[in-house]
Amino acid sequence: MSDVGLYGSIYEQLRFYADTLDRALVALRNPRVDLAQGARREIATLLREIVDKESTDPAARLVTAILKQGLPAVAGQGLTLCESLAATLEQRPPSPAELSQLEQVALTLDKECSSTLARIKGKR
Amino acid sequence: MIDSYLNAAIRQAEERARVLKGKISQTLQAPELIALHQTCQDRIDYTIRQLQGLLTDPVILRKDLVHERIRLFRRFLADLALLETTGIAALTRPHEDDIALTKLIFQIHKEIDYPLPPPTVACLSRDYFSINTSLRLLEVPLAESDFLLHLPDLYHELAHPLIATRNNPRIKPYQTEYGKFLALVADHFEQERAENLRSTGPKEYFAQALDLLEYFWIRGWANEIFSDLFAIYTLGQAYAWSHFHLTAARGVDPYDVQISGFMSHPPDQARMEVMLIALDLVGLNAEADAVRQKWEALIGATGVRPTALYRRACPRHLLERASINALEGTKLIACRIVKPGISSPVHDLLNTAWQQFWAAPNNYHAWERDAIAKLKHGAARA
């Protein structure tokens with residue numbers, strides 16, 4: 001497969017996680033309690049999937065590798081951050097500081113989507 | 001202020017989506033294009049609905065959600081751009097070669113019991129073979145339908161959707177085997193990192209190198225290696241010859257591992273090593289030996305030598321595990337595995353092409369021209 005094809009396939013997998021997280025971050029602020037609670041659970045499950053060392057889900061493994069590379073630079077904590085955020089969200093709604101950390105995770109995935117897309121278009 | 005800009009930009013994207021839909025709203029030239037046409041229409045409709053949501057959903061319009069709104073919008077725009085340059089381009093400029101190769105892919109799909117719908121083929125690639133897994137569009141270079149020696153790469157491309165497709169229980173066992181292999185890669189590099197800490201060498205350099213190598217494997221190499229293996233297991237030695245041919249033509253050192261940037265594909269030597277392991281695993285030992293001899297001659301002729309980093313990046317035991325996991329996965333999804341004496345039209349054609357090429361290189365071109373003409377004639381009548 002050419003680089004374009006490989007990056008396209010990576011983009012599809014990354015995009016799924018980036019979109020799911022962004023939509024859940026929107027739903028988390030929904031005034032309807034049931035929707036916000038559902039989103040909280042969804043994000044916690046997603047983060048658990050990403051930090052699960054035993055996971056055999058190829059897409060989750062890919063996202064883990066990307067966050068492992070990308071998160072330390074933006075949040076200083078790498079995958080530990082995902083683990084602690086998952087634990088928090090399983091217990092209670094996030095504080096403003098935690099929301100901002102979730103935002104960092106979403107941003108890291110989004111940046112990776114953008115750079116993968118740029119590679120598809122042959123920009124680097 | 002940015003809100004009014006975003007609203008206008010979203011409306012413009014919506015309009016662009018409608019224009020694209022208009023461009024493919026015509027009578028189709030062949031039934032082979034129906035699936036791609038439907039997928040493109042559905043994707044455009046979905047994108048329009050999502051863009052409308054970004055304009056009207058009261059929650060996403062909140063000021064504190066502007067980051068999410070922008071990110072989602074950019075991705076919808078990217079979807080449209082990709083759709084425009086791939087699926088829509090193929091539908092608006094169909095060619096008889098696209099139809100011939102799409103029919104060939106359908107035949108391969110039947111021969112090997114491929115568990116997903118066969119992709120549509122378009123001869124529009126600017127690079128090499130590639131597949132858009134979500135559109136199920138396989139792109140090949142313009143002249144590829146007039147030659148046989150690289151067509152084994154179609155089998156490699158068919159493997160990528162087996163990893164990328166989500167929520168399909170039929171192919172889950174293949175993905176699980178792939179996932180097991182990724183876990184093994186992560187374990188391997190974890191152990192290497194621990195060993196590095198105990199070593200007396202330049203720890204920092206190797207720590208960084210090991211992180212990058214793990215990243216390369218999980219991000220791209222494992223996927224490529226599994227696809228190579230799928231091609232070997234479902235087609236046989238013709239795919240290894242095709243890799244030989246591609247490596248011979250490219251001026252890339254097959255042992256080279258570049259850790260200064262992102263290396264998307266594994267070194268060609270590692271790819272050949274897994275192919276040879278795989279041929280032996282399915283009992284095609286004589287065929288593996290023939291490829292091995294020619295490969296060694298090619299490497300000798302180019303004068304390149306293995307580097308220390310090569311073996312560190314591609315340890316033999318990882319290559320062996322990949323071959324075993326990929327074979328297990330391919331068996332579990334009930335694809336037909338090659339073995340000595342197996343016969344079916346496309347399998348025979350592509351393997352015979354390579355036999356002809358080596359047996360009588362001077363006459364090969366005439367033989368190939370005749371075989372291609374028959375193939376296209378058969379496709380036109382089907």
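This is a predicted model: local features need pLDDT of at least 70, side-chain atom pairs count only at pLDDT 80 or more; totals for chains, interfaces and linings use all residues.
The radius of gyration of chain B is 23 Å, which agrees with the value near 21 Å that a compact globule of 382 residues would have.

**Fold and dimensions**

- Chain B contains 14 helices and three strands, and its C-alpha atoms fill a box of roughly 65 × 65 × 40 Å when taken along the principal axes.
- Chain A, by contrast, has five helices and zero strands, so that reading from the N terminus its elements follow the order α-α-α-α-α; its C-alpha trace spans about 45 × 30 × 25 Å along the principal axes.
- In chain B, 74% of the contacts between residues at least 6 apart in sequence join residues at least 24 apart, while the corresponding share in chain A is 65%.

**Burial, surface and charge**

- Buried residues account for 54% of the 382 residues of chain B and for 56% of the 124 residues of chain A.
- Chain B exposes about 16800 Å², with carbon and sulfur atoms supplying 54% of that area; for chain A the accessible surface comes to about 5200 Å², of which 52% belongs to carbon and sulfur atoms.
- Chain B carries 42 positive and 45 negative charges, whose mean positions lie 4 Å apart, and in chain A the mean positions of 16 positive and 16 negative charges are likewise separated by 4 Å.

**Cysteines**

- A search of the whole structure, covering all chains, finds zero disulfides; A:C113, for example, takes part in none, and the nearest cysteine sulfur, that of A:C82, is 15 Å away, whereas a disulfide would need the two sulfur atoms within 2.5 Å.
- A:C113 counts as buried because its relative accessible area is 2%, and B:C314 is buried as well, at a relative accessible area of 0%.

**Residues with positive phi**

- Most residues other than glycine have a negative phi, which gives a background for the two cases that follow.
- B:R136 has a phi near 55 degrees, a positive value in a residue that is not glycine; B:R136 is found in the loop between strand 2 (130-132) and strand 3 (137-141) of chain B, and at 33% relative accessibility it counts as partly exposed.
- B:A334, also not a glycine, has a positive phi of about 60 degrees; B:A334 lies in the loop that links helix 12 (316-332) and helix 13 (345-359) of chain B, and its relative accessible area of 44% makes it partly exposed.

**Two helix residues**

- A:E103 is placed in helix 5 (residues 96-120) of chain A and is buried, with a relative accessible area of 12%; apart from neighbours within four places in sequence, A:E103 is in contact with A:L25 and, in chain B, with B:H67, B:E68 and B:R71.
- B:H317 belongs to helix 12 of chain B and counts as partly exposed, since its relative accessibility is 41%; B:H317 and B:H188 are separated by 129 residues in sequence, yet their C-alpha atoms are 9.8 Å apart in space.

Terms used:
Residues are numbered from 1 along each chain as its sequence is written. Chains are lettered from A and ligands numbered from 1 in the order in which they are written. Side-chain values use heavy atoms; hydrogens and water are left out. Helices (H or I, at least four residues) and strands (E, at least two) are DSSP runs, numbered from the N terminus. The radius of gyration is taken over C-alpha atoms; the globule rule is 2.2 Å times the number of residues to the power 0.38. Buried means under 20% relative accessible area, exposed over 50%, partly exposed in between (1.4 Å probe, protein chains only). Contact means heavy atoms within 4.5 Å. Accessible areas come from the Shrake-Rupley method with a 1.4 Å probe; for residues, only the protein chains shown count as cover. Lys and Arg count as positive and Asp and Glu as negative; His and the chain ends are not counted. The place of a charge is taken as NZ of Lys, CZ of Arg, CG of Asp or CD of Glu.
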